[in-house]
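Please review the following briefing on salt bridges and helix packing alongside the sequence and the structure.

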Amino acid sequence: MKTSIATVSLSGELPDKLEAIAKAGFDGVEIFENDFLAFDGSARDVGKMVRDHGLAITLFQPFRDFEGMPEPQRARAFDRAERKFDVMQELGTDLVLVCSNVSPIALGGLDRAAADFHELGERAAKRGLRVGYEALAWGRHINDHRDTWEIVRRADHASIGLILDSFHTLARKIDVNSIRSIPKEKIFIIQLADAPLIDMDLLYWSRHYRNMPGEGDLPVLDFMRAVASTGYDGYLSLEIFNDQFRGGSTRSIAVDGKRSLIYLGDQVKRIDPDIAMAVPRMPGPVEVSGVEFVEFAANEEEAAELALLLQTLGFQKTGRHKSKKVTRYSQGKINLVINTERQGFAHSSYAVHGTSAYALGLKVTDARATVERARALGAEPFEQPVGPSEIKMPAIRGVGGGVVYFVDEQSALKDIWDIEFEAVKNDAPHRNAGLLHFDHVAQTMNVDEMLTWLLFYTSILKAKKTPMVDIIDPAGIVRSQVVENAAGTLRITMNGAENRRTLAGHFLAEKFGSSIQHLAFRTDDIFATAEALKANGFSPLEITPNYYDDIEARFGLEPALADRLKAANILYDRDEHGEYFQLYSPNYGEGFFFEIVERRGYKGYGAPNAIFRIAAQKRHIRPQGMPASTKR
């Protein structure tokens, strides 16, 4: 499987782009003309720089407004082409992209265009070069790959072929099965891009909102399956125009791009195993049966405060690590771990972020196979020395540089709590609150990171994304999207902050990076849980009484139910599937909190209630400019 990416897809100067592309593991690079023109060096210099990175130049692009021009513009178009050929030979590439004409003076006619391309093919052949023709979705006369193929067919020249771009085909909803009949030798290169479904001008949509395959909503997999059915085994290249990417991390976007192509190839190979394309071998997408644990890093003083909060939530101390300062708290199938070690990764995480939920443990079918798949998809493995009475737990680096651990039932990992921890007799007076398991884990990040982690989770795990939702904060919008599996045993909400005035943005600023911001626990009886919490001395987040007057009228609630909700500070929502109840803790530190939910068929996450919850939480946030307490 040969992979490539266009330089226009990344931010930075050309040398930075090439370095990132090479480090991400691409085989080749498309040189976008503007990147070459902005570089202070010759075409020969660029070619050498590319080859020094171990890359091939797969394509020079774009050459615009060529076919169907009247004289004297037609003669000028051929003169321009000869100059592009000069540059290509200096660069050391043999393929140029010609996109369909958008000029208002362009003349239509398939035969006229075919004649132009035949002559261009003659000129290219004399130099050992090739020309690929691509249909722009907004082309004046040609905007459909079926027409470009007909022109290429009529041109009937070995140096003239087709360039297929998934965006242009899928944006116009052209039947991808029409690709299956194209001879593979006439497909010179495949360009891939995804995009969110937005109803807007095609040119603007293309120039600003493309993203990596798997990050958007277009049926790129169907497109790629049609391409693979032809026997094509050439370069798969990314051509991404995206405002966010242009300002993002060059290295991160390059890694995302490589991951997206490997993931796409893997999907195609699993559906159509007989394709000619050589796809890296890896285990299949991983089933997650649940969240096994979340681990906090803290110092001794803050750990005591956190432990007291957990006990009021009904958690019991159930284990002490045999060789480390690590304590386990449990309730139902929920395990929370507090690590106060003065060395190792947890301590390093505490030194940077303060008390935080730095590690997530997922229960999967095969822990080692999960890491093998993750590594094949470009994830960074995580390892640290294993001490006495410890099991080496497979892991990778996750959001904000944290850790994602994996446990399973088929290895010694199934007994990890017995092997690594000593049981503790708990004499605490706090009672069980009826919390059963993790409902969801909420990770807060900068909005620019969301596509990266969306692709990360959906490519490794057997999970899907939900539509993006706007969470209304009194100080701005927070973008929210969920990765979840069909069984509902994995739900990771990703919340993207756009400014530090929002609660999510404040959390990011104070924690110095992305992390888990809240944990939601499931109960089957929110009112019984609220009574148990009250008996434990738990103080819930106080919700304004005005909220309850509104929901009573809006949902037509019985006054008695509205009064019960109000008395316990429980939030309420309803969708076509059922009802949802939410109860929150106050903030712990600079914006971390716990949530308790009851689902009665409800599928969502209570987004309409977010503004009321956030307003209540912000009343307890340290004012900007006031120094943080020594206690978190």
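Arg74, Glu82, Asp86, Asp116, Glu119, Arg123 and Arg127 are joined in a network of salt bridges, a salt bridge being a side-chain nitrogen of Lys or Arg within 4 Å of a carboxyl oxygen of Asp or Glu. The model is predicted, so local features need pLDDT of at least 70 and side-chain atom pairs pLDDT 80 or more, while totals for chains, interfaces and linings use all residues. Residues are numbered from 1 along each chain as its sequence is written, and side-chain values use heavy atoms, without hydrogens and water.

**Salt bridges**
- The structure holds 40 salt bridges.
- Arg127 pairs with Glu82, with the closest N and O atoms 2.8 Å apart.
- This pair links distant parts of the chain, 45 residues apart: Arg127 lies in the loop between helix H5 (110-125) and strand S5 (130-134), and Glu82 in helix H4 (residues 73-91).
- Arg127 counts as partly exposed at 25% relative accessibility, and Glu82 is partly exposed at 21% (buried is under 20% relative accessible area, exposed over 50%, partly exposed in between; 1.4 Å probe, protein chains only).
- Asp439 forms a salt bridge with Arg599, the closest N and O atoms being 2.7 Å apart.
- Asp439 and Arg599 are both buried.

**Helix packing**
- Helices H19 (residues 545-555) and H20 (residues 559-568) pack at about 155°, with axes 10 Å apart.
- H19 is therefore roughly antiparallel to H20, a term for angles over 145 degrees.
- Pro545, Tyr548, Ile551 and Glu552 in H19 meet Pro559, Ala562, Leu565 and Lys566 in H20, where contact means heavy atoms within 4.5 Å.

Key. Axes fitted to C-alpha atoms, helices over the stretch in contact; angles between N-to-C directions. Helix = DSSP H or I, 4+ residues; strand = E, 2+ residues; numbered from the N terminus. Parallel < 35°, antiparallel > 145°, perpendicular 65-115°, else oblique.
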